[in-house]
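Subject: Structure handover

Hello,

The structure is below, followed by notes on what was found in it.

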Amino acid sequence: ALSSRRYAVRRLAAQRGISPAPSDSHGARVHMRGRLHVLALLQAAAPALALRSAGGHPLHSSSVTLKRRTLLPALLPLALPAAAHASTKSRTAGYEVQHSEREWLRLLSEDQYFVLRQGGTESPNSSPLVKEKRPGRFLCAGCATPLFDASQKFESGTGWPSFASALPAVETQQTSMMGAALLGAELRCGVCGGHLGDVFLDGMLFVGTAAALTGKRYCIDGAALLFEPADGGELVRGDPQTPKSAPELPSWLQPPKIGYPA
């Protein structure tokens, strides 16, 4: 059963075009998020910096998104993972809440397990929490520990839930200042060790948001979170809630068609 669940997790990641990262490797996991981080920086900074295209015309934020394939080659060195930022800390040892891998597979959905326990990164705009704007708190999907207050959530345009600051239970993995600025620093739940996302030091680019005051952008995978509305409403899961279609029966098991051919 354990091996079949792991196979299902890997298959899910492959279907979504995501390469699973080693459970304790920040460098391998940050590759996709790092590239999108650079694009987010450009999109946020383009109006202020008055970036110009090769033809000398102003390069607006929308142009940055449309021209990402052209801009990426020159910026790729900034987004590539670096071995110096790989995290070797266990996601289990030393944390208050601990479960065996078999228990985590039983307690979590495939998306939650992929993010929290394998350090994976979900596809952008796949979580319903990206658009969540109600007052409340965001909890760890693994242990229900409060991690972020909704008042610190802002629209970053990256496709992941973003926050300007975190509650004390969020644990930031140690890295250099340069590494945190370019590649981000891994975030974990300080109670169960689950991977949450990354924090970047580019908050000042998001003018008019709380991140401009803190200087930080906490970029979080929605699958790692549960949203607790302040009005006492039902908890909202952050992992994609896509209905799974029933498998099609083989032709010899399908019921006969009604009517006659035209």
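Are phenylalanine 138 and phenylalanine 163 buried or exposed? Both phenylalanine 138 and phenylalanine 163 are buried (under 20% relative accessible area; exposed is over 50% and partly exposed in between, with a 1.4 Å probe and protein chains only).

This is a predicted model, in which local features need pLDDT of at least 70 and side-chain atom pairs pLDDT 80 or more, while totals for chains, interfaces and linings use all residues. Residues are numbered from 1 along each chain as its sequence is written, and side-chain values use heavy atoms, without hydrogens and water.

Aromatic pairs number five (ring centres of Phe, Tyr or the six-membered ring of Trp within 6.5 Å; planes under 30 degrees apart are stacked, over 60 edge-to-face, the rest tilted). The rings of phenylalanine 138 and phenylalanine 163 have centres 5.0 Å apart and planes at 70 degrees, so this pair is edge-to-face. Phe138, Phe148, Phe163, Tyr218 and Phe227 form one aromatic cluster.

Serine 109, at 18% relative accessibility, counts as buried. Its side chain makes a polar contact with the side chain of aspartate 239 at 2.8 Å (N or O atoms within 3.5 Å, within protein one able to donate a hydrogen and the other to accept it; residues adjacent in sequence count only if both atoms are side-chain atoms).

Regards
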